[in-house]
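Welcome, and thanks for taking a look with me. Please open the structure below and keep it beside you while you read these notes.

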Amino acid sequence: DSYAINKGGSMMFGGQDGLNVRSWFAGIKGAKENSTNQNYAGYLAFYTRPSGSTPEERMRITSDGRGLSDFTAKAWVNFNGVGTVSIRDSHNVSSITDINVGNYVVNLSNFVANNTYAVSLSNNYVANNGYVNTVLNLNTGSFGMYLIKPLVGHADTAINTAIVFAS
């Protein structure tokens, strides 16, 4: 138990709420991120309290310095889709599967809660060429994306980006 996950310390902030002498309004918690012996990876969590409820975690900074919350991206990627697909930079993306010309599957490192998330895509094709980015098959662990010109076909592009927002 001495090296259990979520062990650590916290600071709560509060005061008089008009009825109670002592009410907690917000807090900060620093704790162990895992249950591995001699692994000191930790996180910093921020809490706020809705009226009539208890404090809820609103944001977490993980041991790798990334922020997790409902208002931060759950995943993002910037990759080259010409020739052999290569990821330039990413967060929570493990790999890109090249299905065929202009058609990719983005694989997430950590799954999202459900398949009702939002994805925004972009590429370096000029908009007036008539090409459109399309999202396909939203799954908890991956999503498809392709670049297509209606009645013409798919195209590979050197700069492709995707960003995922999910609860």
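The points below go through the sheets, the core, the aromatic pairs and a few single residues.

1. **Before you start.** This is a predicted model, in which local features need pLDDT of at least 70 and side-chain atom pairs count only at pLDDT 80 or more, while totals for chains, interfaces and linings use all residues. Residues are numbered from 1 along each chain as its sequence is written, and side-chain values use heavy atoms, with hydrogens and water left out.

2. Let's begin with strands, which are DSSP runs (E, at least two residues) numbered from the N terminus. Five of them form an open, antiparallel sheet in the order 1-2-3-4-5. Strand 1 (8–15) and strand 5 (67–69) are its edge strands, each pairing on one side only. On average, neighbouring strands here are turned by 20 degrees against each other, direction ignored; the axes behind such angles are lines fitted to C-alpha atoms, and angles run from 0 to 180 degrees between N-to-C directions. Two strands count as paired if DSSP finds at least two bridges between them. Strand 3 and strand 4 (residues 56–61) run antiparallel and are joined by five bridges.

3. Six bridges connect strand 10 with strand 14 in the antiparallel sense; S120 has I163 in strand 14 as its bridge partner.

4. **The largest nonpolar core.** A nonpolar core is a set of buried Ala, Val, Leu, Ile, Met, Phe, Trp, Tyr and Cys residues joined through side-chain atoms within 4.5 Å. Buried means under 20% relative accessible area, exposed over 50%, and partly exposed in between (1.4 Å probe, protein chains only). The largest such core has 18 residues, and I96, F143 and M145 touch the most other members. At least two residues of this core come from each of strand 6 (75–80), strand 8 (93–100), strand 9 (103–108), strand 10 (118–123), strand 12 (142–149) and strand 14 (160–165). As background, nonpolar side chains in soluble globular proteins tend to be buried together.

5. **A closer look at F143.** F143 is buried, at 1% relative accessibility. Beyond its neighbours within four places in sequence, the residues in contact with F143 (heavy atoms within 4.5 Å) include Y104, Y117, L121, L138 and V164.

6. **Two aromatic pairs.** How many aromatic pairs does the structure hold? There are two. Rings of Phe, Tyr and Trp (its six-membered ring) pair if their centres lie within 6.5 Å; planes under 30 degrees apart count as stacked, over 60 as edge-to-face and the rest as tilted. F79 and Y104 have ring centres 5.1 Å apart and planes at 80 degrees, so this pair is edge-to-face. Because F79 lies in strand 6 and Y104 in strand 9, the pair ties together parts that are 25 residues apart in sequence. F79 is buried at 0% relative accessible area, and Y104 is buried at 2%. Y117 and F143 form an edge-to-face pair too, with 6.5 Å centre to centre and 70 degrees between the planes. Here Y117, in the loop between strand 9 and strand 10, is linked to F143 in strand 12, 26 residues away. Y117 is buried as well, with a relative accessible area of 7%.

7. **Two positive phi values.** Most residues other than glycine have a negative phi. Q38, not a glycine, has a positive phi of about 65 degrees; Q38 sits in the loop between strand 2 (23–32) and strand 3 (42–48) and is exposed at 63% relative accessible area. N92, also not a glycine, has a positive phi of about 60 degrees. The loop between strand 7 (86–91) and strand 8 holds N92, which is buried at 13% relative accessibility.

8. **N107 and its surroundings.** The side chains of N107 and T97 are joined by a polar contact of 3.1 Å. Such a contact is a pair of N or O atoms within 3.5 Å; within protein, one must be able to donate a hydrogen and the other to accept it, and residues adjacent in sequence count only if both atoms are side-chain atoms. Leaving aside neighbours within four places in sequence, N107 also contacts residues including N92, I96 and G141.

Notes
Helices (H or I, at least four residues) and strands (E, at least two) are DSSP runs, numbered from the N terminus.
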